[in-house]
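Me: Please take one part of this model and go through it closely, from its overall division down to its contacts. I would like one connected account, with the cut-offs given wherever a term needs them.

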Amino acid sequence: MDKHCKFCGTAEQEQKLKAVIEESRDMPGCLMHILQEAQGIYGFLPIEVQKIIAEGLNISLSEVYGVVTFYSQFSLTPKGKNRISVCLGTACYVKGSDKILEEVEKQLGIKCGQCTEDGLFSIDSCRCVGACGLAPVMMINDEVYGKLTPKMVKGILDKYREVK
Amino acid sequence: MTTQQLDAIRESKSDLIKVRRIVKEEGEKLAKKTGYRKQVLVCGGTGCTSSHSMKVIEQLEKSIKELGLKDVLVVKTGCFGLCALGPIMIVYPEGAFYSQVTPEHAKVIAEKHLVKGGEMVREYLYKGTLAEDGKVIPFAETPFYKKQMRIALRNCGVIAPEDIEEAIAAGDYAALEKVLTTMTPDDVINEMLASGLRGRGGAGFPTGRKWSFAKASQSDVKYVCCNADEGDPGAFMDRSVLEGDPHCVLEAMAIAGYAIGSNNGFIYVRAEYPVAVERLQIAVKQAREYGLLGKNILDSGFDFDIEIRLGAGAFVCGEETALMRSIEGHRGEPRPRPPFPAVKGLFDKPTILNNVETWANVNPIIMNGAAWFSSIGTKTSSGTKVFALGGKITNVGLVEVPMGTTLREIVEEIGGGIPGGKKFKAAQTGGPSGGCIPASCIDVPIDYDSLIAIGSMMGSGGMIILDEDTCMVDISKFYLEFTADESCGKCTPCRIGTKRLLQLLTKITEGKGEPDDINKIQELSEHMRQSSLCALGQTAPNPILSTLRYFRDEYDEHINKKVCRAGVCKALFTYHIIADKCRGCTLCARNCPVQAISGALKQPHVIDTAKCVKCGLCIANCKFDAIERI
């Protein structure tokens, strides 16, 4: 994993982030908002980005790090080009979404929370996307795939491999 | 905006909305007045958009244009409730209810039904609306809708949530108008107290009392907050309200602001709900433009504005003090109470926090009166409750029923029973804080107190139906994995207790359980209940305790006989081929992902249990029932 984590933020990204910090600095409780925007800009929140935020807001890096690691949506590592998120909410779980996750892991040869070597896919699990009527579901980027069986997984993943 | 202007908007579109509420002849007459011969409502909630309702709308608009049907209106609404059969589309004034609509269906419906003199396309109608004699019955009379009573969801699936004028015409902001022009803050609080409305987020604290405490607190600044951090897995009530009728929440928060003396509101909403977030943002923007938020609302001199804050995926932020810490931009950790938020809450100022569904009940209470509201439901639990019905049930979806409705009515009538002829085993309510209601309690009325008496809780409204294929030990383990993962780590009983409970349960599901484990679980659970800082830890043992209460035999089987009767706990069974029944078709061997099955064509096959990963594909594929699980 580590070799993919090398930070290669651009000056343009940094400028954008600094603009966000300036805009939001006076909003009470702005840290969460800035982190959300920063993750939108960089795709994840490596320590370098956290440092820019801590300096910009004149707060300690440990405070920023504390908030980042508290919330599951903030990620310290980069995500794949295609973000797979298998729902493990109750409605999906009782309909066998654990088997869907197993199959995705098997197909890609990585575990939940990891990113493939080529950076094409990353797998996460989530708790309920609210499409319980379609259980079990998984999301790839913003697309929801519902009423899944393990057999359907390969075909769905192949679609994303082709557009590489 | 003045009250006259508000009334004018309501009047101008009221017929349009009325057509969608009354089905039958009256609707036809009214439809003529509106200038729209047909109105086509398509669900744009998360459930239906996931099954591509947006493509249905695109196709519909295209076909309508091609056919030159200028008197047909297409409306993208919120959730109709029957999510399992989405995308859903209703055509008014006749109220034709189409289910599982594809773009192709939409094209045919436009050509055959929406054209002048067109007829309903029967084969695409929801099967529940086709009576045995061939007649089409109104969808409101189908088993799924008949026993429902929509108060909180009154406008969901009726209006276009992104159009404030439709919301106004459907009755939103009428209560705010009434409050600002005819009621004092005390009147409002008294009405809320008399209504008996209790918090719909789970704990069931009387809303009116919460408001009266905050009113009594002296402070220059006070806050009104909305908890839209619906983190309970399998629950989507609040999301549906936000997606279907966001204005009702804004209005109710303004009413509360007037009642307690606050000018600032915050909505804390899950970032995992992109559609709800977008509609809320649109709603706030429109409400400001129309002067229904901001300075001097309806010329009353009352100021109120709302900010939206996004969560970032932490279940504990549904707890009130944790939620406020998160809005303040910190780690969302709860703090000890007292002081309660009504005294010292957000930014250390007096704050009230109610969840979305609670807010959705405020307008009807103000408009129809507390006496009307408290006449619905039971004595101690007035009104209705929205449930997200999921799991092993035919009609997965969103239902709103009067308090006191029995579980049997919800499962068998509204829910349409268990699919595949399986047996009902239990209903899980209250999510990770709640418990399981076993089949023996299926006639218990659903209200706050009855559920607590049988060891579960109302919770926010997730209701997951479990059948005989669900292992109760495994489901407890599932919830403990959740709470162990989501425990914020601030207090020791919850941080370590959830981990230890999970270890014990894992041990049992792996066939390593010892008889003393149950005692350990019970003792630890009691400590966690008494000493955890917030409700997350205090209620985390509930799923285990309630399953122990009703399904103790399953725990004993796991521990003593090393058997999982539901066939879920993989360590406790193996697959075998019954030689007499096997025809040697090779289907199982071809499908086995680990090549654990061998045998020649037309000869009985054998499973190598050492290789088998117990995925169950063979048993699912076998056409001769030749594979058994022991």
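Reply: Chain B is divided into domain 1 (8-142), domain 2 (164-373), domain 3 (384-467), domain 4 (472-561) and domain 5 (574-629), with bounds that come from an automatic or database domain assignment. The model is predicted, and for that reason local features need pLDDT of at least 70 and side-chain atom pairs count only at pLDDT 80 or more, while totals for chains, interfaces and linings use all residues. Residues are numbered from 1 along each chain as its sequence is written, and chains are lettered from A and ligands numbered from 1 in the order in which they are written.

For domain 3 and domain 4 of chain B, the C-alpha centres lie 22 Å apart. Across their boundary, 9 residues of domain 3 of chain B are in contact with 15 residues of domain 4 of chain B (two residues being in contact if their C-beta atoms, placed from the backbone, lie within 7 Å). On the domain 3 side of this boundary, strand E12 (residues 435-438) of chain B provides the largest share, 3 residues, where strands (E, at least two residues) and helices (H or I, at least four) are DSSP runs numbered from the N terminus.

Turning to helix packing, helix H9 (residues 185-195) of chain B packs against helix H12 (residues 246-260) of chain B at an angle of about 120°, their axes being 7 Å apart (axes are lines fitted to C-alpha atoms, for helices over the stretch in contact, and angles run from 0 to 180 degrees between N-to-C directions). H9(B) is therefore oblique to H12(B), since angles under 35 degrees count as roughly parallel, over 145 as roughly antiparallel, 65 to 115 as roughly perpendicular and the rest as oblique. Pro185(B), Val188(B) and Ile189(B) of H9(B) make this contact with Ile255(B), Tyr258(B) and Ala259(B) of H12(B), and by class it has 6 nonpolar, no polar and no charged residues.

Chain B also touches chain A, in a contact that takes 38 residues from chain B and 29 residues from chain A. On the chain B side, at least two residues each are supplied by helix H3 (46-50), helix H14 (320-327), strand E9 (384-391) and strand E13 (462-467), and by class this side has 16 nonpolar, 17 polar and 5 charged residues.

Note on methods:
Ala, Val, Leu, Ile, Met, Phe, Trp, Tyr, Cys and Pro count as nonpolar, Asp, Glu, Lys and Arg as charged, and the others, Gly among them, as polar.
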